[in-house]
Amino acid sequence: MEAKYCKESRVIRTSRVFPNDVNNHNTLFGGKLMSDVDQIASISAARHSRRECVTASTDSVDFLHPVQPKDSVCFESYVTWTGTSSMEVFVKIIAEDLKSGKRKMAATALLTFVALDEQKRPTRVPQVIPESEEEKKLHETAPERARIRKERKQKSKELAAFLTTNQPWDLQSCNGFV
């Protein structure tokens, strides 16, 4: 399987912030941004693997600056690193004041996707070739993030084994109220 350049999976999308996109603080609703991040990252994963892909984890979404209704929002994503069937996708979100042209990094995100074969089983993906300084930095720091992801997933499984799946009305709290 031939390796691919990060730029081959690059996706760029710019949109406006409309009134139905904002929260009670009159800034872009975080859930809207997270939905857009997952959507654009999934395209990068599919471009890289040329397969159906599923989101395995949202590893981080860091909100750095609020996005205002006067801003446009530019999402840029690409695959930074791969395992056997998994792909780490980086998304940067840049807000641009449409009147002044001033740009700021509004958020960054890292997600992991898994490529699937025709039977919906994990399948091999090409390795990544980084070119720019940004791509190289993300690529060389990815194995540490993968290690942390693996540890976090194990802890999540341990917690899930402890949690109950009872119906809410079957639960009893210490003071008798649910």
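**Figure 1. Glutamate 76 and lysine 92, a buried charged pair in a predicted model.** Both glutamate 76 and lysine 92 are buried (buried is under 20% relative accessible area, exposed is over 50%, and partly exposed lies in between, with a 1.4 Å probe and protein chains only). Their side chains meet in a salt bridge with an N to O distance of 3.8 Å; the term stands for a side-chain nitrogen of Lys or Arg within 4 Å of a carboxyl oxygen of Asp or Glu. The two partners come from distant parts of the chain, with glutamate 76 in strand S4 and lysine 92 in strand S5, 16 residues apart. Salt bridges with shared partners tie Arg10, Glu76, Lys92, Glu134 and Glu135 into one network. Please keep in mind that this is a predicted model, in which local features need pLDDT of at least 70, side-chain atom pairs count only at pLDDT 80 or more, and totals for chains, interfaces and linings use all residues. Residues are numbered from 1 along each chain as its sequence is written, and side-chain values use heavy atoms, leaving out hydrogens and water.

**Figure 2. The whole chain, for orientation.** The protein chain has two helices and seven strands, where helices (H or I, at least four residues) and strands (E, at least two) are DSSP runs numbered from the N terminus. Read from the N terminus, the order of elements is β-β-α-β-β-β-β-β-α. The C-alpha atoms fill a box of roughly 60 × 45 × 30 Å along the principal axes. Of the 178 residues, 38% are buried. Contacts (heavy atoms within 4.5 Å) between residues at least 6 apart in sequence join residues at least 24 apart in 74% of cases.

Figure 3. In one of them, glutamate 131 and lysine 7 meet at 3.4 Å, N to O. This pair links distant parts of the chain: glutamate 131 lies in the loop between strand S7 (128–129) and H2, while lysine 7 lies in the loop between strand S1 (4–5) and S2, 124 residues apart. Glutamate 131 is partly exposed because its relative accessibility is 35%, and lysine 7 is partly exposed at 49%. In the other view, the side chains of aspartate 36 and lysine 32 form a salt bridge of 3.3 Å, N to O. Aspartate 36 and lysine 32 are four residues apart in helix H1, so about one helical turn separates them. Aspartate 36 is buried at 7% relative accessibility, whereas lysine 32, at 30%, is partly exposed.

**Figure 4. The largest nonpolar core.** This core holds 32 residues, and Leu33, Val37, Phe75, Met87, Val91, Ile93 and Phe113 touch the most other members. Here a nonpolar core is a set of buried Ala, Val, Leu, Ile, Met, Phe, Trp, Tyr and Cys residues joined through side-chain atoms within 4.5 Å. At least two residues of the core come from each of helix H1 (30–49), strand S3 (52–63), strand S4 (71–82), strand S5 (86–97) and strand S6 (103–116). Strand S6 gives the most, with seven residues. Apart from its neighbours within four places in sequence, leucine 33 contacts Leu28, Val61, Phe63, Phe75, Ile93 and Ala107.

**Figure 5. An edge-to-face aromatic pair.** The structure holds one aromatic pair (ring centres of Phe, Tyr or Trp, using the six-membered ring of Trp, within 6.5 Å; planes under 30 degrees apart are stacked, over 60 edge-to-face, the rest tilted). Tyrosine 78 and phenylalanine 90 are edge-to-face, with 6.0 Å centre to centre and 65° between the planes. Tyrosine 78 sits in strand S4 and phenylalanine 90 in strand S5, 12 residues apart. Both tyrosine 78 and phenylalanine 90 are buried.

**Figure 6. Arginine 149 and its surroundings.** Arginine 149 belongs to helix H2 (residues 133–162). Its relative accessibility is 12%, so arginine 149 counts as buried. Beyond its neighbours within four places in sequence, arginine 149 is in contact with Ser57, Asp59, Trp81, Glu88 and Thr112.

**Figure 7. Asparagine 20 in its loop.** Asparagine 20 is found in the loop between strand S2 (11–16) and H1. With a relative accessible area of 67%, asparagine 20 is exposed. Asparagine 20 and glutamate 88 lie 68 residues apart in sequence and 31 Å apart in space, C-alpha to C-alpha.
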